[in-house]
Amino acid sequence: MAEKKGKLYVVSGPSGAGKGTVVAELRRRRPFALSISCTTREPRPGEQDGRDYFFLSEEEFARRQQEGGFLETAGIFGHHYGTPREQVLDRLESGQDVLLEIDVEGARQIRENYPDAELIFLMPPSDEVLAGRLRGRGTETEEQVRERLARSREEMAQAPNFAHTVVNDDLDQTVSTIEALMDDGKEETHAASGNH
Ligand code: 5GP
């Protein structure tokens, strides 16, 4: 077992807050393991199984869920999403930091079950930017975009339940702020474990 366990980070927030872009930039700047989720939705053009998601059938997802294979799960727009338990816990145990990019419902479950996790809520700067991002992706129909916007507004009401809220106005600034939060979180953990 590694001397120091890794730290668990969660970047959450509404669909369209820019989680994917922020996490990609964060990965360019520092090392951490990014958890690859399982989902029952169809791959989008360009998405690869095992890289972007593990794409599972409903039956396979249900089987793994029943076996306790997920750290958290959420139902989003008629599909299931889940974080593979072993993948994450093994890495933490071996001393690697792990980041989950998940929705607000999943983040709530992590907060309840893993109180040491550092939870970051990414907030879009405005309704207009949020709508623009959802439309600009060009992968959803207008009806799907409207559905996502409605859900995003509900999710934004959950921001006060997160330890940290970062408004994603400027990518560079947002990522720097998250980096600072990650460094603070690590210092606290090490200070705490030093007292034992
Ligand atoms: P998309 O289908 O656009 O890739 O993702 C839809 C939403 O699901 C996003 O908000 C994304 O962060 C979230 N998501 C992706 N993987 C997981 C997961 O494993 N668990 C939870 N709770 N949400 C996830």
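This is a predicted model: local features need pLDDT of at least 70, side-chain atom pairs count only at pLDDT 80 or more; totals for chains, interfaces and linings use all residues.
Residues are numbered from 1 along each chain as its sequence is written, and side-chain values use heavy atoms, without hydrogens and water.

The axes of helix α5 (residues 127–136) and helix α6 (residues 142–156) come within 10 Å and cross at roughly 140 degrees. In the contact (heavy atoms within 4.5 Å), Asp-127, Leu-130, Ala-131, Leu-134 and Arg-135 of α5 meet residues of α6 including Val-145, Leu-149 and Met-156. The contact residues comprise 6 nonpolar, 1 polar and 5 charged.

The whole structure holds 4 aromatic pairs, defined by ring centres within 6.5 Å, with planes under 30 degrees apart counted as stacked, over 60 as edge-to-face and the rest as tilted. Two of these pairs are tabulated.

| Pair | Centre distance | Plane angle | Class |
|---|---|---|---|
| Tyr-53 and Tyr-81 | 5.9 Å | 65 degrees | edge-to-face |
| Phe-61 and Phe-70 | 4.5 Å | 25 degrees | stacked |

Tyr-53 lies in the loop between β3 (38–39) and β4 (54–55), 28 residues from Tyr-81 in strand β6 (residues 79–84). Ring pairs join Tyr-53, Phe-55 and Tyr-81 into a cluster. Tyr-53 is buried (under 20% relative accessible area) at 19%, and Tyr-81 is buried at 12%. Phe-61, at 1%, is buried, and Phe-70 counts as buried at 8%.

Conventions
Axes are lines fitted to C-alpha atoms, for helices over the stretch in contact, and angles run from 0 to 180 degrees between N-to-C directions. Helices (H or I, at least four residues) and strands (E, at least two) are DSSP runs, numbered from the N terminus. Ala, Val, Leu, Ile, Met, Phe, Trp, Tyr, Cys and Pro count as nonpolar, Asp, Glu, Lys and Arg as charged, and the others, Gly among them, as polar. Rings of Phe, Tyr and Trp (its six-membered ring) pair if their centres lie within 6.5 Å; planes under 30 degrees apart count as stacked, over 60 as edge-to-face and the rest as tilted. Buried means under 20% relative accessible area, exposed over 50%, partly exposed in between (1.4 Å probe, protein chains only).
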